[in-house]
Amino acid sequence: SALTGRIVCDTYLSCKELSSNSTNYSLSHLSQTLLNVQRIELPQVDVPHYFGSSSNILQLSRHTLTDSQLTQRLMLHVQALPLTKQLTNIAGNIWQRTLRGHRAERNEYLLLHEF
């Protein structure tokens, strides 16, 4: 697998856990509220139409690149990696488990270390 040995940060889960003032965690909503960037929605049913010409494929790839950059900016804005690393050090569990949002397991590790 290409991800073996690498840390994977799901920004959806991270924003859900670390940004409690929001009720909608879509990329469009979070980029608008946290980054003040308007994201253009591209319905999935329209994606096959973009493969008709090379200019449309280029437009689709630019949209995908923009979404990737927004995701990275969101991760940096909510400071997902430093905060989850601190939580992992305090709880004593595995960093990847913290990034996946295993809150109950983290609490269990905290209780084990405390008592």
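**Exercise 1.** Is Gln 79 buried, partly exposed or exposed?

*Solution.* The model is a predicted one, in which local features need pLDDT of at least 70 and side-chain atom pairs count only at pLDDT 80 or more, while totals for chains, interfaces and linings use all residues. Residues are numbered from 1 along each chain as its sequence is written, and side-chain values use heavy atoms, with hydrogens and water left out.

Step 1. The scale is as follows: buried means under 20% relative accessible area, exposed over 50%, and partly exposed in between (1.4 Å probe, protein chains only).

Step 2. Gln 79 has 45% relative accessibility and therefore counts as partly exposed.

Step 3. Its place is in the loop between α3 and α4; helices (H or I, at least four residues) are DSSP runs, numbered from the N terminus. Phi of Gln 79 is near 55 degrees, a positive value in a residue other than glycine.

**Exercise 2.** State where Asn 36 lies and classify its accessibility.

*Solution.* Step 1. Asn 36 belongs to the loop between α2 and α3.

Step 1. With a relative accessible area of 64%, Asn 36 is exposed.

Step 2. The backbone of Asn 36 has a positive phi of about 55 degrees, although Asn 36 is not a glycine.

**Exercise 3.** Characterise the surroundings of Thr 84 and of Gln 96.

*Solution.* Step 1. Thr 84 is found in helix α4 (residues 80–91). Because its relative accessibility is 5%, Thr 84 counts as buried.

Step 1. A polar atom of the Thr 84 side chain lies 3.2 Å from the backbone oxygen of Leu 81.

Step 2. Contact means heavy atoms within 4.5 Å. Leaving aside neighbours within four places in sequence, Thr 84 is in contact with Trp 95, Thr 98 and Leu 99.

Step 3. Gln 96 lies in helix α5 and counts as buried at 16% relative accessibility. Not counting residues up to four places away in sequence, Gln 96 touches Arg 6, Ile 7 and Val 8.

**Exercise 4.** How many cavities of 30 Å³ or more does a search of the whole structure find, and which residues line the largest cavity?

*Solution.* Step 1. On a 1 Å grid over the protein atoms alone, a cavity is a set of points where a 1.4 Å probe fits but cannot get out, and a pocket is an open set with protein on both sides within 12 Å along at least five of seven lines; lining residues have an atom within 4 Å of a point. Grid points are joined across faces, edges and corners, and a volume is the space filled by probe spheres set on the points.

Step 1. The search finds one cavity of 30 Å³ or more, and the largest cavity has a volume of about 30 Å³.

Step 2. Its lining consists of Leu 13, Ser 14, Glu 17, Thr 84, Thr 98, Leu 99, Arg 100 and Gly 101. The elements that give two or more residues to this lining are α1 (11–18) and α5 (95–99), and α1 gives the most, with three residues.

**Exercise 5.** Which residues line the largest pocket?

*Solution.* Step 1. The pocket holds about 180 Å³ of space.

Step 1. Its lining is formed by Gln 38, Arg 39, Ile 40, Glu 41, Leu 42, Tyr 50, Gln 59, Leu 60, His 63, Thr 66 and Asp 67.

Step 2. Tyr 50 is found in the loop between α2 and α3 and counts as buried at 17% relative accessibility.

Notes. Polar contact = N/O pair within 3.5 Å; in protein donor to acceptor, adjacent residues only side chain to side chain.
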